[in-house]
Amino acid sequence: MLRVEKKIIENQTHATLFFSHALAFKPGQFIMVWIPGVDEKPYTVSFHTRERFAITIEAKGIFSKRAISLEKGDLVGIRGPFGNGFDIRADEQVAVVAGGCGMAPLAPLVETLDKKTMVIHGARTRECLLYPDRFKVDRLFCTDDGSMGHKGLVTELLEQQIAAGKHFDMVYTCGPEIMMYHVFKICQTHHIPCQVSLERYMRCGFGVCGACVCGSRVVCKDGPVFGSEKLARMKDFNAKALLKSGKQVDISQYFSWRCKS
Amino acid sequence: MTIRFLGKILKNPMVLASGILGNSFDILERVHENGCGLVTMKSIGPEPRDGHKNPTVIDLGHGMINAVGLPSPGYLNMEAEWNDLENRDFPLIASVYGGSVREYQMVAEFVSSKSPDFIEINISCPNSEQHGMIFGVNPQSAHDVVSAVKKVIKVPLIVKLTPQALDIGEVARACEDAGADAICAINTVGPGMVIDIESKMPVLAFKKGGLSGPMIKPVAIRCVFDIYKAVKIPIIGLGGITTGKDAIEIIMAGATLVGIGSAVQYRGIDVFQKVAVEMDVWLKDHDLCMEEIIGAAHREG
């Protein structure tokens, strides 16, 4: 059990909770977060040093609204870290493509990479862009409403960069699944390896209960990060997911259900 | 290690426990490919059920506690899953549960029409107030469920029992009398509880939950031993099995097949393959074969 050390309000709907705790962690891993009496949900770690770590919460449903209302000293339970994390290789130049709060799991990755990194970061509005001043690397922004950077999608920016002759050895991405799917397709077309970070409804978090299956993989243990080779064979990617009852539904139905809980 | 079980040839005696991984065709196939002779689906219920809020599963190191709570799409809402499973090339157990004798019968009859190789009735899950375990704690209600289901299904019937029964041998005998073809023992032990002393609250959302994994193996061994004394039908022995030696032990208690669940966490999804190999090595080292050791603990001394 840990107590909230600090809370940073990122914007009207996002807050980051810091914990003073040495967490053995690889970028891309996640923890199961228990608010006693409420529920327990998976969150990727969005900030990490040897002595502290943080999670960034977007207030959407019952649990997340409770989570962003936590204050310094409040008690939460942590299980993990779980998951495989990003595969960081000896690449020369990489792109990190973040959609909305997909920036959260990618942030510790950006801070770990010691190579030429370009961050392509999109959100609904300027206000929703997380950590605007955090990184020292090249960053391209886009917003749905044009309030910051390019008016449009991260995939457009990625394609522009590739068309302009920019070379990437690897693209890391996280965000809405349909966005990650299109990033993956662009990478496939241009023969660029790609790693995405998926999410599914979870219970155990460590690969036994099967709640988070995606094809023959369990997202909590085989993932949440999946590379191009696995994605090419994963028919449920951007296609199907299981609800809490275990019922198999289309991905859009899954996400509209999930964002309410 | 091929073995014959209720008319089916299995590539080995390993069984995937219900509730571990078995949520989709793809994952069931993957478990089979990882050395599991017979896979069991997640329990199917009479209506859509979400199960409990989280936390639902906690790894305690020497085993687990869970109160997942029988989530199910509901037996009428699984057409996509049955379509996928139709062309499977592996043997399959479909597990069913209900909140009344009539519900068990209704679900089992429908599921039987989808042609699983076996049906397992779950009268042992402790994580619902109205389903599962309450039917398996005494011989009479177990008998009622089994005989109602036996009337309406076209595939062999396995009954999964709870260690909470006062006399599990007697419950098993009642199931055999009612027409069960095999017994699976045991489901989780307890229920137990874990309280977090910082928040002063039980950790599981349902507060209580079933125990599984290495810490319950002695209970499983004793239950299988008692059941073997009471019935002639074959037993799937399950509860805390992690290694080949554990498997040999539960076979000597009286099991014909060996189930694994929690050990997926401790040894990986290929635990089935690992345990099958370890059993084989032990048998060869001791110059024994499977048939000789089933129930051997009853014959020694």
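**A pair of packed helices**

Guide: The secondary structure of chain A comprises six helices and 18 strands. With a radius of gyration of 17 Å, close to the 18 Å that the globule rule gives for 261 residues, chain A is as compact as a globular protein of that length. The model is a predicted one. The C-alpha trace of chain A spans about 55 × 40 × 35 Å along its principal axes. Of the 261 residues in chain A, 50% are buried. Among contacts in chain A with a separation of 6 or more, 58% join residues 24 or more positions apart.

Within this chain, the part to be examined is a helix pair. Two packed helices are described by the angle between their axes and by the distance between those axes. Helix α3 of chain A covers residues 154-163, and helix α4 of chain A covers residues 177-189. The two pack at an angle of about 15°, and their axes are 10 Å apart. Angles under 35 degrees count as roughly parallel, and α3(A) and α4(A) are therefore roughly parallel to each other. The crossing in which α3(A) passes α4(A) is right-handed.

The residues that meet can also be named. From α3(A) come V154(A), T155(A), L158(A) and E159(A); from α4(A) come M179(A), H182(A), V183(A) and I186(A). Sorted by class, the contact of α3(A) with α4(A) has five nonpolar residues, two polar residues and one charged residue.

Notes: Residues are numbered from 1 along each chain as its sequence is written. Chains are lettered from A and ligands numbered from 1 in the order in which they are written. This is a predicted model: local features need pLDDT of at least 70, side-chain atom pairs count only at pLDDT 80 or more; totals for chains, interfaces and linings use all residues. Axes are lines fitted to C-alpha atoms, for helices over the stretch in contact, and angles run from 0 to 180 degrees between N-to-C directions. Helices (H or I, at least four residues) and strands (E, at least two) are DSSP runs, numbered from the N terminus. Angles under 35 degrees count as roughly parallel, over 145 as roughly antiparallel, 65 to 115 as roughly perpendicular and the rest as oblique. A crossing is left-handed if the near helix is turned anticlockwise from the far one by less than a right angle, and right-handed if clockwise. Two residues are in contact if their C-beta atoms, placed from the backbone, lie within 7 Å. Ala, Val, Leu, Ile, Met, Phe, Trp, Tyr, Cys and Pro count as nonpolar, Asp, Glu, Lys and Arg as charged, and the others, Gly among them, as polar. The radius of gyration is taken over C-alpha atoms; the globule rule is 2.2 Å times the number of residues to the power 0.38. A residue is buried if 20 or more other C-beta atoms lie within 10 Å of its own, exposed if 12 or fewer, and partly exposed in between; C-beta atoms are placed from the backbone.
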